[in-house]
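Please keep the sequence and the model in view while reading.

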Amino acid sequence: MTKQRVLSLSILLLVLLFHCITTSAQPAAAPAKPADAPAQLAANPPVQPAKAPSQPAKAPAQSGLIPVQKGPTDVTKILKKAGGYSVFIRLLKSTGVAEQLHGELNDTSIGFTIFAPTDSAFSDLKAGTLNSLSGLQITQLIQFHILNTIVTLSNFQTLSNPVTTEAGDVSENGFPLNVTTAGNQVNISTGLVNTTVGGTVYSDDQLAIYQVSKVLLPLNIFSPKPKVAAAPDADAAESPSGASKVDEAAAVRLCRHEMLASIGVAVIALFVMKGA
């Protein structure tokens, strides 16, 4: 009877030992991957145009140009009289840039240079281009055609590139505008568009308006720099695996203690059987 009890106890210990070995062999569950943090969008604040000049001095009318205006200088009236700039005029008004220019040209002493795209230049844009832009982007697009200084045809070669426009930032993938000259030709490059100055629409000692046959497309709006994904946190990446290793080590130690206990009981049972 005693031998049967010892034998049953030994079988039970062997079952426990087998269960412990099987449990320790199973890998710990991998920790859940932390959710990616949402990328923050950088907002481009609107750039206020620089101040411009007071009442322009009267100058004699130049051949082939719109005569110098008597009274307050109005950019939209000049372009309307020249003809062929209806889209540019509409955008100047809708963005508020026309009103700002009117106030600054007649209340301050700073000059402006404007590159005015023709209606055909806007017609050459891909369908829906303007409709796809936000109000801020359209304002920046119009400001990109305006220099906050007056530049005559003979002075373009003195400009330092990239040239600062009313749109502001001239850094890479911002609003850089490069102006170069080759003889009497003035070349303009935005990084996306290359064109030349087609002629002078208007000029006095405060304001110069030049015709361009292409809309000047800035990189910041039409080819923005891709956002770089944030690097994963090294501590966060290592902590789950470290916790897993700690759990595995604890399981191994516990199993060893159980094995030693089982072996001890088995030895005692052996001696009892021999005594019986």
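A residue is called buried if its relative accessible area is under 20%, exposed if over 50%, and partly exposed in between, with a 1.4 Å probe and protein chains only. Helices (H or I, at least four residues) and strands (E, at least two) are DSSP runs, numbered from the N terminus. The model is predicted: local features need pLDDT of at least 70, side-chain atom pairs count only at pLDDT 80 or more, and totals for chains, interfaces and linings use all residues. Residues are numbered from 1 along each chain as its sequence is written, and side-chain values use heavy atoms, with hydrogens and water left out.

In helix 2, Val75, Thr76, Ile78 and Leu79 are the buried residues. They lie on the same side of helix 2 because they cover an arc of only 160 degrees around the axis, the arc being that of the directions from the helix axis to the C-beta atoms. Exposed Lys77, Lys80 and Lys81 are carried by the face turned away from that buried side. The buried residues of helix 2 pack against helix 3 (86-94), helix 4 (97-107), strand 1, strand 5 and strand 6, where contact means heavy atoms within 4.5 Å. Just after helix 2, Gly83 has a positive phi of about 85 degrees.

The sheet is open, and its 6 strands follow the order 2-1-6-5-4-3 with mixed pairing; two strands pair if DSSP finds at least two bridges between them. Strand 2 (146-147) and strand 3 (178-182) are the edge strands, each pairing on one side only. Strand 3 runs antiparallel to strand 4 (residues 185-189), joined to it by 5 bridges. Thr181 stands opposite Val186 in strand 4.
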